[in-house]
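Hi everyone, thanks for coming. Please bring the picture up on your screens, and we'll walk through it together.

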Amino acid sequence: MWVNSKHVRYVYSSSSSKSAYALFDGLSGWKSISKDSNDGVANMVTLLSAANSNNRKVNVYLDGDSVTRAVLT
Amino acid sequence: MSVRLNDGSQPEVAGQPELVVVAAAGEAASLTSAPGAAGGEANDVASILREASATIAPLFDGPPVDAASGPPSTSTNGDAPDDLQRYFVVDVDPGRMEELARRLNESPAVEGAYVKPPAEPATVLDTRPTDQSASTTANFRSRQHYLDAAPVGIDADYAWSLPGGRGAGVKVIDCEWGWNSTHEDLKANNIGLVGGSSSANDHHGTAVWGEIGGDDNGIGIKGISPDSALGASSFVGQSTAGAIKKAADSLTAGDIILLEIHRRGPNGGGGGQQGYIAIEWWPDDFTAITYAVAKGIIVVEAAGNGWENLDAAVYNTPGSGFPTGWKNPFRLANPSSGAVVVGAGDPPSGTHDRTISPWNQPYVDRARCGFSNWGERVDAQGWGWEVTTTGYGDLQNGAHDQLYTDTFSGTSSASPIVTGALAVTQGVLKAKGMPLMTSPRARTLLRQTGSPQQSATGRPSSQRIGNRPSLKQLIPAALKQWVWGRTLSYCYCLTTSQGAWAFVKDIGWRRLHSGTADGISNMFTVCCNQQSTAGQVNVLMDDRYIYAIMQA
């Protein structure tokens, strides 16, 4: 489902492959970035990181607790 | 049908000679002041004019061009327009023009004074009506092979299949002498005259209008760009340069002006149209064209039917009385008007069951028509023979509003084909929210795309008239362009590989073009950085993809 107009409070990543998570205002718990592809995860981290560092809101599509799509608004 | 070559002795319509004066720097105001008003000898121009019973007036009407109200003093579209206020036209008996020009050139207030020979439409055949008339017009689309798929035609069907590909929202103004605005096939999008008056002999302009924008109504012919608005600026009652400026003042960026005219050049005078050349060679016409181009208007100009090599050295020599600083505009190394110059090429052999042109030359598809001027300045070609369109009456005779021709010719018939191709391309760009072509960009794209010129005996392809447009090539090439100084409204990505998009403000969503995964990630990094900081980007994009992005 789409969850709209959320600030990104934290973005987490590690040196493990496709390992990235985000915490959104108004949503409970960390959401994992879906591990579909290396570059897809990297793109998602780029988008969420830009939103976080510039106080922009995002619309995210959640598949359970995983983020599969996002719009930087 | 009766067809004969136009030998030039009786042009179907013709202009008048014009005496043009270019004021020396700072002297424009003194040229129109009364004798003595500017003080003593400084106003000798007024005395010269009075003695000749002549009057002088600004060549370009309208408010003075300045930084606040006029076109930009420099332009990315072409070369800087000259100062329009320095140009004047003298009203005097044509028989006294040369002598008066000589005297005016002796004045320190005058930088140049020159006489322009009468101009004519750039058609070759003088057609005569057929005996065949009809109460109800048939559909002549099957005779318009210039619309067919490339290389025979320009791929009009392809353009018509695209949103905007019928030229909606684009205005085209034809500059020449006469038009039939009540023709049955020219009613849908006719905006009429914007300046001057229409000649009673209106066949030529009617034929031009039909090629570009004939109505899509199931009868007669169909124009290349049937949804474009068709207008006219006449050389009847206006100088040629004045008519061009009037047209430009009636249009906005992205619209099109067509110059259906040629004039006797320095190699002319040998009879007929031999030596007739494109009008940008004359300084005032050149200035009027650069004015239009600087406004973002595409100007299409007939190369002329003078069977001349425009690269010849004779064109480097300024005409008598030309202002200092004039340079041959037919050389690519010199300042350019920015206009698209169009030559005439043969249709395929067998068109309308004919294999030989009225010049007794075998038709060789896309070879230079024997009469067409050529040279490095010529950008593209259209059909120079066998063009089926409105007017004349050699295909269908009868009421004036129901006349059709099968034999429109010359760089006159060639130029509307290129004009129509550009109009539908602008329509597609407009429909997709993409920036419209400027005249110089149109020139570049026409040179980079299209069906190549071919050689015929005595007419080698080295005598350049350029390619015949192919809309299947031209439209995609026009769509792919750098768009400068934009912001991104949104960025969007998937977690699957190479799934990333950006929304370019005022244009729309574009996918980052698939290539390498890391390349897309790099572009997406720039997109996200710039979107989140409201920074500007320059984007290489078309109607579907972003191919490259530059953080501005």
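Let's begin with strand β15 of chain B, residues 340-345, which is mostly covered: six of its six residues are buried. Keep in mind as we go that this is a predicted model. Now, which residues of β15(B) lie on one side, and which on the other? On one side you'll find B:V340, B:V342 and B:A344, and on the other B:V341, B:G343 and B:G345. Both faces of the strand are covered.

Who are the neighbours of β15(B)? One is strand β14 of chain B, residues 298-302, which pairs with β15(B) in the parallel sense over three bridges. Look for B:E301, whose bridge partner in β15(B) is B:V341. Another is strand β16 of chain B, residues 380-383, joined to β15(B) by four bridges and also running parallel to it. There, B:A344 stands opposite B:G382.

Next, the nonpolar cores. The largest one has 129 residues, and the members that touch the most others are B:I244, B:I257, B:V299, B:V300 and B:V340. Helix α8 of chain B, residues 410-431, gives the largest share of this core, nine residues. Let's zoom in on B:V300: leaving out residues up to four places away in sequence, its contacts include B:I256, B:L258, B:V340, B:V342, B:V418 and B:L422.

Let's turn to a sheet in chain B. It is an open sheet of three strands in the order β6-β12-β13, with antiparallel pairing. Why is one side of β6 (119-120) and of β13 (276-277) left without a neighbour in the sheet? Because these two strands of chain B stand at the edges, each with a single partner strand. β6(B) pairs with strand β12 of chain B, residues 262-264, over two bridges, and B:A119 stands opposite B:R263.

Last stop: where the two chains meet. The contact takes 22 residues from chain B and 23 residues from chain A. On the chain B side, the elements giving two or more residues are β20 (488-494) and α11 (517-533). The largest share, 11 residues, comes from α11(B). By class, that side of chain B has 10 nonpolar, 11 polar and one charged residues. The chains also share strand pairing: four bridges join strand β5 of chain A, residues 66-72, to β20(B), and the two run antiparallel. To spot this on your screen, find A:A70 and its bridge partner, B:C493.

Key. Residues are numbered from 1 along each chain as its sequence is written. Chains are lettered from A and ligands numbered from 1 in the order in which they are written. This is a predicted model: local features need pLDDT of at least 70, side-chain atom pairs count only at pLDDT 80 or more; totals for chains, interfaces and linings use all residues. Two residues are in contact if their C-beta atoms, placed from the backbone, lie within 7 Å. Ala, Val, Leu, Ile, Met, Phe, Trp, Tyr, Cys and Pro count as nonpolar, Asp, Glu, Lys and Arg as charged, and the others, Gly among them, as polar. Two strands pair if DSSP finds at least two bridges between them. A nonpolar core is a set of buried Ala, Val, Leu, Ile, Met, Phe, Trp, Tyr and Cys residues joined through C-beta atoms within 7 Å. A residue is buried if 20 or more other C-beta atoms lie within 10 Å of its own, exposed if 12 or fewer, and partly exposed in between; C-beta atoms are placed from the backbone.
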